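Please look through the structure shown below before reading on.

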Amino acid sequence: KAGCAPCRVKWLSATVLLVALLTGAGAPRAAAGVVADCTEQAPRAAVAGGGQVTFSADCSITLTQPISIAAGSTTVDAAGHHVTLSGGGHVPIFSVNGNLTLIGLILTNGQSATGGAAVMVNSGAALVARNCTFVGNKVIGANGLNGMNGSDTSGGRGGDGGNGTAGNPASGGAIYNAGTTTLINCALSNNVATAGNGGSGGNGGAGGGSLSQGGNGCSGAAGGVSCGGAVHNLGNLTLIDSTFAGNSATGGNAGAGGQSGSGTFPA
């Protein structure tokens, strides 16, 4: 009622309560830095603002794209829970451009075509991993392309084959470090860096006619270079009480040269 202060206070309090019920205001919500469910989106959203990110339960999460850590500092802490982040054998797990601290996580089945299947530490960035396990991550460099075969001719000289292209390199099966990385009480096992094979040279084409000559077969290309089955370090690396076991780096095989084409005279 007009002129009745206690009534106005009761009416306003009831209005605020009604708005809160309708909008959800005042209802308990998980903090932005807490991963409360095991969906892919949950850790991605939690790290978006940086700062401290903790898990509130055991989780096993398979990613469909890497988690990017931008400028600033981010800590991802399993907080005593059993937390596994997997690349599903298709994608890397973390790409770091800021400062990232990982505590108590298992990073597995990350895959990259270039380097750092579990964590790519870019230039100027920093990684600290404590009590973490890096297992079964793979960098698989692409194979080079085979050269084209030379064309056959009905009279004269056959066409030359084309050269193969080199296999792609592979570096850092688990971690590619171009910045600063510190590993404390971590285990890195069965991570793999396998470079691509070189492409084979194309065969020479056949010549035609009594004075024909076959085309030249061309060169196969070099296999790619592989560095660091577990860690490829181009920056500053500190290792404390960490274990490396069963990691491998394998260079690619060179491609074979192409065969010469047939003809009256050799190619």
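**A walk through the predicted model**

Arg157 pairs with Asp160 in a salt bridge, at 3.0 Å from N to O. A salt bridge here is a side-chain nitrogen of Lys or Arg within 4 Å of a carboxyl oxygen of Asp or Glu. Asp160 is partly exposed too, because its relative accessible area is 38%. How many salt bridges does a search of the whole structure find? The search finds 2. Glu40 and Arg44 also form a salt bridge, and their closest N and O atoms are 2.6 Å apart. Both Glu40 and Arg44 are buried.

The model is predicted: local features need pLDDT of at least 70, side-chain atom pairs count only at pLDDT 80 or more, and totals for chains, interfaces and linings use all residues. Residues are numbered from 1 along each chain as its sequence is written, and side-chain values use heavy atoms, with hydrogens and water left out.

Now consider the whole protein. It has 2 helices and 24 strands. Helices (H or I, at least four residues) and strands (E, at least two) are DSSP runs, numbered from the N terminus. Of the 267 residues, 39% are buried. Among contacts with a separation of 6 or more, 74% are between residues 24 or more positions apart; a contact means heavy atoms within 4.5 Å. The protein exposes about 12,800 Å², and carbon and sulfur atoms supply 55% of that area. Accessible areas come from the Shrake-Rupley method with a 1.4 Å probe, and for residues only the protein chains shown count as cover.

The cysteines come next. A disulfide is a pair of cysteine sulfur atoms within 2.5 Å, and by this rule the count is 1. That disulfide joins Cys38 to Cys59, with 2.0 Å from S to S. The pair links distant parts of the chain, 21 residues apart: Cys38 is in the loop between β1 (34-35) and α2 (41-47), and Cys59 is in strand β3 (residues 59-62). The torsion about the S-S bond of Cys38 and Cys59 is about -85 degrees, so the disulfide is left-handed. Cys38 is partly exposed because its relative accessible area is 36%, while Cys59 counts as buried because its value is 5%. Cys132 is buried, with a relative accessible area of 1%.

The last stop is Thr181, which lies in strand β17 (residues 180-184). Is Thr181 buried or exposed? Thr181 counts as buried, because its relative accessibility is 0%. Leaving aside residues up to four places away in sequence, Thr181 touches Val121, Leu127, Ile175, Asn236, Leu237 and Thr238. The side chain of Thr181 also makes a polar contact with the side chain of Asn177, at 2.9 Å. A polar contact is a pair of N or O atoms within 3.5 Å; within protein, one must be able to donate a hydrogen and the other to accept it, and residues adjacent in sequence count only if both atoms are side-chain atoms.

Note on methods:
Buried < 20%, exposed > 50% of the residue type's maximum accessible area, 1.4 Å probe, protein only.
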